[in-house]
Number of protein chains: 2
Amino acid sequence: MLLEKSDIEALEKNHRSNLINSIAGFKSVNLVGTISENGLSNLAIMSQIFHIGANPALMGLLIRPDSVNRHTLSNIIQNKQYTFNHIQENFIDKAHQTAARYDDTVSEFEATGLGTVYLKNFKAPFVKESNIKIGLQLEERIDLKINGTVMIIGSIQILEVPNDVVLEDGFIDLQKAGTITCNGLDAYLSTHKLKRFSYAKPDKALKEMSY
Amino acid sequence: MLLEKSDIEALEKNHRSNLINSIAGFKSVNLVGTISENGLSNLAIMSQIFHIGANPALMGLLIRPDSVNRHTLSNIIQNKQYTFNHIQENFIDKAHQTAARYDDTVSEFEATGLGTVYLKNFKAPFVKESNIKIGLQLEERIDLKINGTVMIIGSIQILEVPNDVVLEDGFIDLQKAGTITCNGLDAYLSTHKLKRFSYAKPDKALKEMSY
């Protein structure tokens, strides 16, 4: 099917949301861990997460301030530290359940039964079950006027990853780590390696790298 | 392994790049199609692509202006229109090859043998082989001072997707469409459905949705 802008605008709201969230492609879905000034932890599944740069090591996160994720945003702004935790198949259901609109006094860690762990002296909580944990420090907040979304840029302060999934060249084998991806708002998928290629150069055939 | 900020900063450049690009999770890798004022088409594989919002339908793209992708950026700024094209397994090698630093006079469409197609009166070229095609209009450019990256926000003007991968509720089955994902800078993976869940509510068990 071919849809133009006016066709997309005419779609029913949830239909459009499913379509446009899916067409964006596979996403980096993570559990975002934060803590409030009062010490209440919060955990929220989010998929608007992306690589910004490697040096310095930066990641981006988009949040709608009026959404169920408003507490994550206010905790990040108050506390400046927050965590991204990769999701594996064995806790997808608990991860998805963190999206429920719990009362302000409820921690999604307790509500879903996911475990809390703290690394070094980092202030925000990590998910115990998560194989890959990233601790970030708020560097910049950019308000996107075009749709009222807030972009949070954070620098990686600490990371934990199993030794046996990191190759000699630094590449992390996410499939081996069990990290899943998502399609749209609510579907979760595992992955299967196809190919890893050498650096592309004009007039030179690609080499396949085994891993 | 546990790495802190100083450990990450001390890593060799390519090692750090592989590590930080991988830890960001699975990415939406697309071929970005553009055309210059002089009519030279350009095609570049990029993975810093993300959903910004469904209403209006917006997507984001990050580009380093000093990189091999500088022509994509200048074409978007000149022409205002550009395309995202999902990648399938049967042309991963050609897609990866678009990352080579070709001469300014060479179109990556011709160099790699990927086909060009135009939809309606949209000015930028789409990839013929791609099952899912998205045409975008430049809405906003935000320069991220923190690392010199440019963020391009575009509104979806047109999209093409096979009928048989769109469910009744608008959800696009990306696995069925053959869309792949990527790990780090150079590894490509197919996906395998695990679960799709109902909307999460407190004190209500999740339902699994079949698709």
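Buried means under 20% relative accessible area and exposed over 50%, with partly exposed in between (1.4 Å probe, protein chains only). Welcome to a predicted model, where local features need pLDDT of at least 70, side-chain atom pairs count only at pLDDT 80 or more, and totals for chains, interfaces and linings use all residues. Residues are numbered from 1 along each chain as its sequence is written, chains are lettered from A and ligands numbered from 1 in the order in which they are written, and side-chain values use heavy atoms, with hydrogens and water left out.

**View 1. An aromatic pair in chain B.** B:Phe171 is buried, at 0% relative accessible area.

View 2. The whole structure holds nine aromatic pairs over all chains (ring centres of Phe, Tyr or the six-membered ring of Trp within 6.5 Å; planes under 30 degrees apart are stacked, over 60 edge-to-face, the rest tilted). One of them joins A:Phe171 and A:Tyr211 edge-to-face, with 5.0 Å centre to centre and 75° between the planes. These two residues are 40 residues apart: A:Phe171 sits in the loop between strand E10 (149-160) and helix H6 (174-177), and A:Tyr211 in the segment after strand E13 (208-209). Here helices (H or I, at least four residues) and strands (E, at least two) are DSSP runs numbered from the N terminus. A:Phe171 is buried, at 0%, while A:Tyr211 is partly exposed, at 24%.

**View 3. A charge over a ring.** The charged end of A:Lys193 sits over the ring of A:Tyr211, 4.5 Å from its centre. This label requires NZ of Lys or CZ of Arg within 6 Å of the ring centre and within 35 degrees of the ring normal.
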